[in-house]
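Please open the model in your viewer, with the sequence panel beside it, and follow the stops below in order.

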Amino acid sequence: MSEEMKKLEARCALCGSCPLGATRTKLVFGVGRAPSELMLIGEGPGEQEDLQGEPFVGPAGKLLDDMLEMIGLDRTRIYIANTVKCRPPMNRDPAQEEMAACRHWLDEQIALVRPKIIVCLGRIAAGELIKKDFRITREHGQWFDVNGIKTMAIYHPSALLRDVSKRPETFADLRELRRVLRRDTALYEG
Ligand code: URA
């Protein structure tokens, strides 16, 4: 990870802008390569992430790793972060004010990662990044321009664990992602 990203993480560790910092175990800032042509953005840390300090290391994370493998990628070649960096108690959705308070950290991460493509994992991240009224059931797999970055949302891996009937649609979205990554990035070139 770049020195700038480490410095940003160190600043974020001291953040007290919302109440989540007081109840978390570890900060879950982000993981992977920066800069990278692909960035994934999830919702917020769960129990395992909070204990280990890394995004997507619990059951949903195992599925995410399998999804990445399906399209020939792994988490060391991309960057993964969340809309909030501290675990919401009892795995509740992050509140609007919490996401708003945390947003500048995400924007600074995006500025350092400089992704060509962003994939939002689930409705909450899509609502924060793409548009407030994002409808995941209707709009997953579609491309949106977010400040010049090609952005798509797919179902959150936790939703795919709960409801396997959503998996075929997600495989189609992943194939579309791979098509565009092959066309627009050098991620598959070694
Ligand atoms: N779910 C998320 O949205 N993010 C994580 O880091 C883990 C589970």
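In which loop is M90 found? Select M90 and you will be in the loop between β3 and α5, where helices (H or I, at least four residues) and strands (E, at least two) are DSSP runs numbered from the N terminus. Before going further, note that this is a predicted model, in which local features need pLDDT of at least 70 and side-chain atom pairs count only at pLDDT 80 or more, while totals for chains, interfaces and linings use all residues. Residues are numbered from 1 along each chain as its sequence is written, and side-chain values use heavy atoms, with hydrogens and water left out.

**Backbone stops**

Stay on M90, whose phi is near 60 degrees, a positive value in a residue other than glycine. At 76% relative accessibility M90 counts as exposed; the classes are buried under 20% relative accessible area, exposed over 50% and partly exposed in between, with a 1.4 Å probe and protein chains only. Most residues other than glycine have a negative phi, and most peptide bonds are trans.

Next select A34 and P35, where the peptide bond from A34 to P35 is cis, with omega near 0 degrees. P35 sits in the loop between β1 (31–32) and β2 (38–42).

From P35, move to R114, which is in contact with P35 and S36 once its neighbours within four places in sequence are left aside; contact here means heavy atoms within 4.5 Å. R114 belongs to the loop between α5 and β4, has a positive phi near 50 degrees, and counts as exposed at 59% relative accessibility. If you also show I149, the C-alpha atoms of R114 and I149 are 9.0 Å apart in space, although the two are 35 residues apart in sequence.

**Helix α5**

R114 follows α5, so select that helix now, residues 96–113: its 18 residues should span 26 Å at 1.5 Å a residue, and the end C-alpha atoms are 24 Å apart, which agrees. The expected span is 1.5 Å times one less than the number of residues. At C102, α5 bends by about 40 degrees, the bend being the angle between axes fitted to the seven residues ending there and the seven starting there. Colour the buried residues of α5, among them M99, C102, L106 and V113. An α-helix has 3.6 residues a turn, so residues three or four places apart point the same way.

**T83 and E128**

Which residues does T83 touch, not counting those up to four places away in sequence? They are I41, G42, E43, P94, M99, C102, L106, I124, A125 and E128. T83 lies in the loop between β3 (79–82) and α5 and is buried, with a relative accessible area of 2%. Its side chain reaches the backbone oxygen of E43 at 2.5 Å, a polar contact being a pair of N or O atoms within 3.5 Å; within protein, one must be able to donate a hydrogen and the other to accept it, and residues adjacent in sequence count only if both atoms are side-chain atoms.

Go on to E128, found in helix α6 and buried at a relative accessible area of 18%. Beyond residues up to four places away in sequence, E128 touches T83, Q96, M99 and R103.

**Strand β4**

Select I117, in strand β4 (residues 117–121), which is buried with a relative accessible area of 0%. Leaving aside neighbours within four places in sequence, I117 is in contact with residues including L38, M39, W143, K150 and L177.

**Aromatic rings**

Finally, a search of the whole structure finds 1 aromatic pair. Show F134 and F144, which form an edge-to-face pair at 5.6 Å centre to centre, with 65 degrees between the planes. F134 lies in the loop between α6 (123–129) and α7 (136–139) and F144 in strand β5 (residues 144–146), so the pair ties together parts that are 10 residues apart in sequence. Rings of Phe, Tyr and Trp (its six-membered ring) pair if their centres lie within 6.5 Å; planes under 30 degrees apart count as stacked, over 60 as edge-to-face and the rest as tilted. F134 is buried at a relative accessible area of 5%, and F144 counts as buried at 18%.
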